Amino acid sequence: MARQYETVIGLEVHVELATKTKIFCGCSTAFGGAPNTHTCPVCTGMPGSLPVLNKQVVEYAMAVGLATGCQINQYCKFDRKNYFYPDNPQNYQISQLYLPICHDGGIEIETASGRKVIGIHEIHMEEDAGKLIHDEWDDCTLVDYNRSGVPLIEIVSEPDMRSAEEVIAYLDKLRLIVQYLGASDCKLQEGSMRADVNLSVREVGAKEFGTRTEMKNLNSFKAIARAIDGERARQIELLEEGKPVIQETRRWDDNKEYSYPMRSKEDAHDYRYFPDPDLVPVVISDEWLQAVRDRQPELRTEKLARYKKEFDIPEYDAEILTGSKRLADVFEETTALCGKPKKVSNWLMGETLRLLKEEGMEPEELTFAPEHLAKLIELTDAGTINQTVAKEVFEKIFYEDVEPERYVEEHGLKMVSDDGVLRTVVEGVIAANPQSVSDYRGGKEKALGFLVGQTMKQMKGRANPGAVNQLLRELLG
Amino acid sequence: MANRISDETIEYVGILAKLELSEEEREQAKQDIGRMLDYVDKLNELDTSGVEPLSHVFPVHNVFREDVVTNGDDRARMLQNAPKVKDGSWQVPKTVE
């Protein structure tokens with residue numbers, strides 16, 4: 001009988017914090033600046049420069065720790081992790097090894113196999129490295145230190161996950177927590193959230209863990225799921241052939257769906273950590289901890305419960321809306337303006353999600369003003385525009401954030417409410433379509449639909465279909 | 001002084017520090033490190049049970065900056081320290097796989 005294997009997975013998740021400045025200097029963290037325009041002696045590792053800790057980094061790290069049930073080390077400090085690589089100008093990364101800011105937490109996930117708590121071993125603060133770009137022309141490497149010194153927290157899980165499904169559920173939950181806290185936008189594609197997967201396999205029932213590998217370069221949830229399945233299969237194949245799994249770092253190639261051993265800085269696993277003498281310890285008083293605790297915003301679970309109580313919207317809608325901080329914010333702000341949660345939810349669940357999907361965008365990228373959606377709902381409810389026109393105007397709001405009232409006015413999209421005008425058009429349609437008229441009078445309900453359509457066409461969509469229907473029935477009586 | 005730094009150790013330390021040592025320098029380094037370890041042994045003679053480990057030699061903590069951008073574009077000055085410059089970047093030997 002074939003042996004049964006179990007996959008054991010732990011994650012190291014790096015999250016770039018949403019601070020305005022770097023962790024140890026006053027350089028901007030803005031994404032996408034020209035190379036090296038956000039650099040100074042500190043983040044380029046010049047001798048004699050002195051790093052000074054950004055207080056906001058400590059607060060974000062504490063907030064994430066509290067939201068993930070961690071203990072906070074009220075006495076923590078920084079250590080140097082030594083390695084030579086050009087992305088790291090100091091030849092050491094400032095990180096936390098001995099006394100990380102948070103430890104021993106966990107978050108609950110839910111998958112098809114039920115609820116489960118994934119333990120969090122620790123969360124520590126550290127600095128990001130620079131970016132290396134290969135120059136084909138001169139066959140050399142160019143270094144951009146704009147990202148050097150951008151604050152990160154590394155969230156290290158316990159090896160508690162057993163499947164790709166659990167890993168995705170954990171990452172999803174973690175991402176939502178961090179986004180709700182405003183601590184990071186957590187975009188996998190842009191690298192503001194990065195996950196390294198530590199994976200081993202063992203025979204079901206075995207007590208000892210197998211030898212693990214670490215996989216890097218995973219920049220989407222789908223890539224993570226594929227990498228897990230691919231690495232699991234690779235390790236099982238080795239074991240079945242009686243070969244050992246080698247403990248190493250591997251780079252996932254999502255196009256080839258295969259991982260390759262990395263040969264680079266990861267070779268030297270001897271980091272010779274020691275306390276960083278440039279940085280003094282961080283002491284978190286009970287008062288400071290309490291202040292951060294008091295400022296914690298409403299998280300997803302609480303928000304979901306409140307939506308169910310407060311708003312008359314389907315549970316499914318509440319789950320989707322709270323599944324993105326941005327979507328939830330737009331929902332609440334728009335509802336506060338127009339007082340119509342159900343209608344707001346319909347616009348977000350329907351047209352908004354449709355357009356996001358069409359554009360391949362995340363809800364986090366929504367830019368329109370809640371005022372404009374509220375106004376659109378008002379215009380529709382007042383009968384100023386009909387549903388078809390509303391959808392057209394919404395697209396303009398979605399893409400260009402237009403002011404709907406002015407847009408409707410300028411483009412002559414107002415519904416024609418003048419009964420006289422509508423009557424004239426309907427009479428014309430009746431006169432021009434004798435066949436349909438006699439079909440309808442002969443009992444064919446369908447013929448009426450055709451006549452409504454013809455009328456709407458002549459009115460260029462600016463009529464209320466209900467009113468057209470009624471008027472037709474009256475005139476054909 | 002005991003000759004406790006092996007050739008393998010000095011080789012390994014050299015690799016980690018990215019240093020190429022001549023035969024002479026190697027012997028010298030072995031002796032220097034040996035003397036440092038002797039000194040650590042001396043320190044270890046002291047009974048420190050009941051003494052809290054020290055994380056920093058200064059009695060100072062919580063030195064912070066506020067999260068406010070104070071630096072502008074200082075690229076030109078930063079790049080003066082680069083051995084080679086190309087396209088506004090430090091140019092180094094090929095490292096990307």
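The axes of helix 12 (residues 419-432) of chain A and helix 15 (residues 465-476) of chain A cross at roughly 60 degrees and come within 10 Å of each other. This is a predicted model, in which local features need pLDDT of at least 70 and side-chain atom pairs count only at pLDDT 80 or more, while totals for chains, interfaces and linings use all residues. Residues are numbered from 1 along each chain as its sequence is written, and chains are lettered from A and ligands numbered from 1 in the order in which they are written.

**Helix 12 and helix 15 of chain A**

- Axes are lines fitted to C-alpha atoms, for helices over the stretch in contact, with angles from 0 to 180 degrees between N-to-C directions; helices (H or I, at least four residues) and strands (E, at least two) are DSSP runs numbered from the N terminus.
- Helix 12 of chain A and helix 15 of chain A are therefore oblique to each other (angles under 35 degrees count as roughly parallel, over 145 as roughly antiparallel, 65 to 115 as roughly perpendicular and the rest as oblique).
- From helix 12 of chain A, the contact uses A:L422, A:R423, A:V426, A:E427 and A:I430, and from helix 15 of chain A it uses A:A467, A:V468, A:L471, A:L472, A:L475 and A:L476 (two residues are in contact if their C-beta atoms, placed from the backbone, lie within 7 Å).
- Nine residues of this contact between helix 12 and helix 15 of chain A are nonpolar, none polar and two charged (Ala, Val, Leu, Ile, Met, Phe, Trp, Tyr, Cys and Pro count as nonpolar, Asp, Glu, Lys and Arg as charged, and the others, Gly among them, as polar).

**Domains of chain A**

- Chain A is assigned domain 1 (5-287), domain 2 (298-410) and domain 3 (419-476), with bounds from an automatic or database domain assignment.
- The C-alpha centres of domain 2 and domain 3 of chain A are 33 Å apart.
- Four residues of domain 2 of chain A are in contact with four residues of domain 3 of chain A.
- On the side of domain 2 of chain A that touches domain 3 of chain A, one residue is nonpolar, three are polar and none is charged.

**Chain B against chain A**

- Contact between the chains involves 35 residues of chain B and 41 residues of chain A.
- Strand 3 of chain B supplies the largest share of the side of chain B that touches chain A, with five residues.
- That side of chain B divides into 13 nonpolar, eleven polar and eleven charged residues.
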